[in-house]
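Take a walk through this model, one chain at a time. Keep the sequence and the 3D view side by side as you read.

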Amino acid sequence: MAALSTPLEFADGRVELAEPTLVDLAGSDVRALNSALHAVDVAEKAPTWRVVNPDGRHNIAVGLDADVDVVVDGHVGYYCAGMNKAATVTVNGNAGVGAAENMMSGTVRIRGNASQSAGATAHGGLLVVEGSAAARCGISMKGVDIVVGGDVGHMSAFMGQAGRLVVCGDAGDALGDSLYEARLYVAGSVKSLGADCVEKEVRAEHLAELAGLLTAAGIDADPSSFRRYGSARRLYNFHVDNASAY
Amino acid sequence: MCGIAGLHLREPSLYPRLGELLTGMLCQITERGPDSAGIAVYGDPRWSPPGQSTVSLLPGDAGAQEIGTALRERLPEAVVVDAGQTLVVHAATDPGALVAAVRAVAGGGIVIGQGEDLAVLKGVGHPQALAAEFRLESAQGWQGVAHTRMATESAVTPQGSHPFSVGPDQCLVHNGSFANHATIRRELRAAGMTFDSENDSEVGARFVAAQLAAGYDLEKSLKLLCERFDGFYTLLVATRDSFAVVRDAIACKPAVVAETPQWVAMASEYRSLAGLPGIENARIFEPEPEEVYAWQR
């Protein structure tokens, strides 16, 4: 692995960032990469990284907690950018299961497609999937914003508790099943809604929220083309009349 | 958890590289199933020369030499290839006659594959050690399937390893667990079928073989399996001329397909596919739940 690069500090106080730190995973392992990304002074000493030849390896750039920018050229395996905090991770390829799972803050962008459980349990930050996401996208989401350029698979936003899920294409079966409070926006068709998920009115504040999310995601779509879905709040507390819905 | 990798070659100039490519794919799914492994190869001239029948055997107590000597008394031209825990027998006779001869001389042995083009090799041990034992790297052919097993439903034995090949030139590998396999096994036993293991996946293989024997094509057979079987499954099923993938309705067991004009490949994880020639231009997708994807030779 290349050594951590140091910013060039000039006499007049000007600071120029050096070239991104290049890591070729064909000749290095993921543990060494993650360990270097976890260095306490990584944001000062090496704020930009480029990772090549990921070849579907798991756990790339997990557990980051500093304001660094990591670009991965190629397809990644499971849990890429999991538990992300503050960092920006961009994957120029597809992602395997659980991309950005349990993210706290920062931005994760998958330029291709994402496999199942993208953004699972994530508390904050922005996850953008420019292609499509498979089943269970945003399962148990707890505050993250997720914007998907294409479709999402079945059981997306299952048990979502907070945050926003924006789907520019179609949603699969059982969207928002057992939803608590996350807000879901879908431009295309919804194959079916899950238990306690209902369509809701799109008001001015929702159009503004959508416009903001689409802008943040860099996706060109008309907010007025989306429909909004949310919790009917019938399953918050157990009521025997709802037993069949659980 | 188990690992699946399969490769269906369309480009004949790649046939000599089948074993090398499949070995690379198998190595990437080792962690998914480190307790046993198996492969099915279509068209390798060492194991299944053209114009001959092939039987794959877990030999029981008798050794390769003993079986070979006894077999040649019945079929003088029979050849026995020692591939570690599996023996592969080929001879210029019809598959039924070869199976009967093999069964007659290998009392405690279990036939784990038969047909005109198919060799099945499996065993207990680390998948990479088994690949070396099979000499998989030098295998040739037009199609191959590999499986690494992490056992959940039955014992870790060679006969409990995948692939399950219970019909002529057929094989099935499974990641997941069938919930109602005991019920279906009972029904198939009542219909006269016998089983080689307590493995749930064998029930799936025998169900598919029964549908194919009844005249359904592979696609329809797998649709019928989806209707009948409960539980979790990603299945890769091959015959001498088809290669098919199906996942259950929940689709939690992973699968990735990559397709180019030269080949179709399927694996549990993308990393198995990363070393294939031309992967950078492949169409890569995940199979949708309960949709059967089938390719013909």
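**The sheet of chain A**

In chain A, 11 strands form an open sheet with mixed pairing, in the order E3-E4-E5-E6-E7-E8-E9-E10-E11-E13-E12. The edges are taken by strand E3 (21-24) and strand E12 (197-200) of chain A. Each has a single partner strand, so one side of each is left without a neighbour in the sheet. On average, neighbouring strands of this sheet are turned by 15° against each other, direction ignored. Bear in mind that this is a predicted model.

Now look inside the sheet. Strands of a sheet pair through backbone hydrogen bonds, either parallel or antiparallel. In chain A, strand E7 (residues 107-110) and strand E8 (residues 126-129) run parallel and are joined by four bridges. Within this pair, Arg109(A) stands opposite Val128(A) in E8(A).

**Where the chains meet**

How many residues does each chain bring to the contact? Chain B gives nine residues and chain A gives 12 residues. On the side of chain B that touches chain A, six residues are nonpolar, none is polar and three are charged.

**A buried strand and helix in chain B**

Move to chain B and find strand E8 (143-149). Seven of the seven residues of E8(B) are buried, so this strand is largely enclosed by the rest of the structure. In a regular strand the side chains alternate between the two faces of the sheet. In E8(B), Gln143(B), Val145(B), His147(B) and Arg149(B) point one way. Gly144(B), Ala146(B) and Thr148(B) point the other way, and all are buried.

E8(B) has antiparallel pairings with E1(B) and with E2(B). Six bridges join E1(B) to E8(B), and His8(B) has Gln143(B) as its bridge partner in E8(B). The pairing of E2(B) with E8(B) extends over seven bridges. There, the bridge partner of Ala40(B) is Val145(B).

Strand E1 of chain B also holds Gly3(B). Gly3(B) counts as buried because it has 28 C-beta neighbours inside 10 Å. Leaving out residues up to four places away in sequence, Gly3(B) touches Ile29(B), Arg32(B), Gly33(B), His147(B), Thr148(B) and Ser268(B). Thr234(B) is 231 residues from Gly3(B) along the chain, yet their C-alpha atoms are separated by 9.9 Å.

Next comes helix H1 (residues 18-27) of chain B. Seven of its 10 residues are buried, so H1(B) is largely enclosed by the rest of the structure. The buried residues are Leu18(B), Gly19(B), Leu21(B), Leu22(B), Thr23(B), Met25(B) and Leu26(B). Their cover includes strand E1 (3-9), strand E2 (36-42), helix H4 (127-134), E8 and strand E13 (263-267) of chain B.

**Two crossing helices**

Finish with helix H5 (residues 181-190) and helix H6 (residues 200-213) of chain B. Their axes come within 9 Å and cross at roughly 45°. H5(B) and H6(B) are therefore oblique to each other, and their crossing is left-handed. H5(B) makes the contact through His181(B), Ile184(B), Arg185(B) and Leu188(B). H6(B) contributes Asp200(B), Val203(B), Arg206(B) and Phe207(B). By class, this contact has four nonpolar, one polar and three charged residues.

Definitions and conventions: Residues are numbered from 1 along each chain as its sequence is written. Chains are lettered from A and ligands numbered from 1 in the order in which they are written. This is a predicted model: local features need pLDDT of at least 70, side-chain atom pairs count only at pLDDT 80 or more; totals for chains, interfaces and linings use all residues. Two strands pair if DSSP finds at least two bridges between them. Axes are lines fitted to C-alpha atoms, for helices over the stretch in contact, and angles run from 0 to 180 degrees between N-to-C directions. Angles under 35 degrees count as roughly parallel, over 145 as roughly antiparallel, 65 to 115 as roughly perpendicular and the rest as oblique. A crossing is left-handed if the near helix is turned anticlockwise from the far one by less than a right angle, and right-handed if clockwise. Two residues are in contact if their C-beta atoms, placed from the backbone, lie within 7 Å. Ala, Val, Leu, Ile, Met, Phe, Trp, Tyr, Cys and Pro count as nonpolar, Asp, Glu, Lys and Arg as charged, and the others, Gly among them, as polar. A residue is buried if 20 or more other C-beta atoms lie within 10 Å of its own, exposed if 12 or fewer, and partly exposed in between; C-beta atoms are placed from the backbone.
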